[in-house]
Amino acid sequence: MKDRGHDVAALVLRATLGPMLFAHGWNKVAGPGGLKGTTGWFEALGLRPAEVHARMAAGTEMAAGVGIALGAAGPLPAAAAVGLMTVAARTDHRGKGFFVFKGGWEYVGVVGGAAVALAALGHGRYSLDGVLRRQRAGAGPALLAVGIGTASAAALLAACYRPEPEPKPDEAETDNQDH
């Protein structure tokens with residue numbers, strides 16, 4: 001019975017997390033602002049070149065979503081989700097507190113945590129990995145997802161994150177007085 005419960009839990013987590021990630025990636029391409037809007041948003045966040053990052057984020061979200069939903073490729077889709085959420089936490093949600101409705105990191109924390117939990121749980125027998133008998137579960141795959149995800153995010157941020165410097169309080173006051 002324990003194995004069936006484990007497999008059902010993995011299926012439910014994959015059926016929740018995978019389509020949600022795919023939808024977020026698809027929205028970056030085909031949502032109201034389309035890829036152009038996503039590019040502008042990434043430019044404002046300081047990700048350079050923004051067009052490359054908009055495409056890369058959308059593609060990675062969609063690929064990770066499909067991989068998770070199908071239960072394919074061991075902990076790699078979870079690592080992609082961790083990397084995406086780490087970049088989002090650093091660029092868009094940093095300094096805004098916890099709650100997502102205030103711009104905080106709540107959402108990215110839950111998604112990243114769920115991805116790591118799935119890597120630890122494994123995709124289960126009701127998955128592509130299960131059919132192919134390539135099950136990976138436990139602390140090793142979870143640590144691999146965290147390690148690959150955060151290292152990839154750190155490398156991307158070091159190479160490409162160039163936010164505009166925030167004006168110093170005295171500069172902002174001077175600028176406001178000139179107008």
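My notes on fold, surface, charges and pocket follow.

I am working from a predicted model, where local features need pLDDT of at least 70, side-chain atom pairs count only at pLDDT 80 or more, and totals for chains, interfaces and linings use all residues. Residues are numbered from 1 along each chain as its sequence is written, and side-chain values use heavy atoms, without hydrogens and water.

Fold. I find eight helices and zero strands in the protein chain (DSSP runs: H or I of at least four residues for helices, E of at least two for strands). The C-alpha atoms fill a box of roughly 70 × 30 × 30 Å along the principal axes.

Packing. I looked up burial (under 20% relative accessible area, 1.4 Å probe, protein chains only): 39% of the 179 residues are buried.

Charges. I took Lys and Arg as positive and Asp and Glu as negative, leaving out His and the chain ends. The 17 positive and 15 negative charges have mean positions 15 Å apart.

Pocket. I noted about 690 Å³ in the largest pocket (a pocket is an open set of points on a 1 Å grid where a 1.4 Å probe fits, with protein on both sides within 12 Å along at least five of seven lines; lining residues have an atom within 4 Å of a point). Its lining has 36 residues, with Lys 28, Phe 42, Ala 57, Glu 61 and Leu 84 nearest the centre. Elements giving two or more residues include α1 (2-30), α3 (50-70) and α7 (139-160). I record α4 as giving the most, with eight residues.

Conventions. Buried means under 20% relative accessible area, exposed over 50%, partly exposed in between (1.4 Å probe, protein chains only). The place of a charge is taken as NZ of Lys, CZ of Arg, CG of Asp or CD of Glu. Grid points are joined across faces, edges and corners, and a volume is the space filled by probe spheres set on the points.
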